[in-house]
Amino acid sequence: NCIKKITAKKSIRKKNDKIVIGFAAPMYWSCKGLGTIEVIYKELIKKKKKFELHIAGDGPQSNKLKNRLSKISKDKFKWYGWVKDIDSFFKKIDILIIPSLYDSSPKLLFEAIEKNKIILASKIEAHSEILKYDELLFSKKDINNLIIRINKISFSKIYRTNIENKISKIKKKFSFDWDKEFYKLV
């Protein structure tokens with residue numbers, strides 16, 4: 001018998017590949033963390049990272065965010081407005097950033113978990129209670145650390161797998177099979 005040595009690739013993308021970061025929300029500066037998106041965008045450009053920011057959503061402050069991002073760079077972001085199918089948006093992105101300042105019912109977070117999307121969310125009570133793991137949460141006071149984690153997720157297969165495993169554990173915890181539970185009762 002011939003035993004093959006299997007080695008994991010250390011990097012999942014080349015240094016020339018771009019990272020696609022997603023953000024989706026109703027556009028309210030006061031609660032959805034639009035300022036954090038602006039800072040992340042500015043930092044990624046300043047550090048000359050190869051990335052693209054994809055934004056889904058609309059609202060009263062959409063133009064304010066578009067204008068601020070355009071002043072930084074017009075060619076590094078795509079704006080979709082409201083999307084009818086969030087799954088198609090998820091397929092286009094590598095990492096979902098959720099920088100909410102507060103949220104009592106983070107629906108987008110649950111949708112992303114259901115689709116096994118890599119998530120980095122602000123360290124607020126609702127996100128912390130659901131995500132639990134520090135690697136999935138970020139402090140808006142330490143955007144540099146967030147940028148480092150975005151790079152680690154993008155270029156380290158080991159780190160990315162670790163994050164994916166944590167999201168998978170969370171998904172199992174919050175999954176509910178209606179059919180199975182119904183048949184238990186019947």
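At what angle do the axes of α5 and helix α8 cross?

## Crossing of α5 and α8

In this predicted model, the axes of α5 and helix α8 (residues 157-174) cross at roughly 110° and come within 9 Å. Angles of 65 to 115 degrees count as roughly perpendicular, and α5 and α8 are therefore roughly perpendicular to each other.

On the α5 side, the contact is made by Phe110, Ile113 and Glu114. Their partners in α8 are Ile167, Ile170, Lys171 and Phe174. By residue class, this contact holds 5 nonpolar and 2 charged residues, with no polar ones.

## Packing of α2 and α3

α2 packs with helix α3 (residues 62-72) at an angle of about 10°, and the two axes are 10 Å apart. Since angles under 35 degrees count as roughly parallel, α2 and α3 are therefore roughly parallel to each other.

Leu34, Glu38, Tyr41, Lys42 and Ile45 represent α2 in this contact, while α3 contributes Leu65, Arg68, Leu69 and Ile72. The contact of α2 with α3 divides into 6 nonpolar and 3 charged residues, and no polar residue takes part.

## Largest cavity

The structure has 1 cavity of 30 Å³ or more. The volume of the largest cavity is about 40 Å³. Its lining is formed by Ile21, Ile37, Ile40, Tyr41, Leu44, Phe51, Leu53 and Ile97. Two elements, α2 (34-46) and β2 (51-56), each give two or more residues to that lining.

The largest share of the cavity lining comes from α2, with 4 residues. One of the lining residues is Tyr41, and Tyr41 also belongs to the α2 side of the contact with α3.

## Largest pocket

The largest pocket has a volume of about 380 Å³. It is lined by 22 residues, of which Ala24, Ala25, Pro26, Leu108 and Glu111 are the closest to its centre. Elements that give two or more residues to the pocket lining are β1 (19-24), β4 (95-98) and α5 (107-114).

The largest share of this lining, 4 residues, is supplied by α5, the helix that also meets α8.

## Model confidence

The chain has a mean pLDDT of 87, and 91% of its residues reach 70 or more. Residues 1-11 have pLDDT below 50. Beyond near neighbours in sequence, this stretch makes 6 contacts in the model.

Conventions
Residues are numbered from 1 along each chain as its sequence is written. This is a predicted model: local features need pLDDT of at least 70, side-chain atom pairs count only at pLDDT 80 or more; totals for chains, interfaces and linings use all residues. Side-chain values use heavy atoms; hydrogens and water are left out. On a 1 Å grid over the protein atoms alone, a cavity is a set of points where a 1.4 Å probe fits but cannot get out, and a pocket is an open set with protein on both sides within 12 Å along at least five of seven lines; lining residues have an atom within 4 Å of a point. Grid points are joined across faces, edges and corners, and a volume is the space filled by probe spheres set on the points. Axes are lines fitted to C-alpha atoms, for helices over the stretch in contact, and angles run from 0 to 180 degrees between N-to-C directions. Angles under 35 degrees count as roughly parallel, over 145 as roughly antiparallel, 65 to 115 as roughly perpendicular and the rest as oblique. Contact means heavy atoms within 4.5 Å. Ala, Val, Leu, Ile, Met, Phe, Trp, Tyr, Cys and Pro count as nonpolar, Asp, Glu, Lys and Arg as charged, and the others, Gly among them, as polar. pLDDT is the predictor's confidence in each residue, from 0 to 100.
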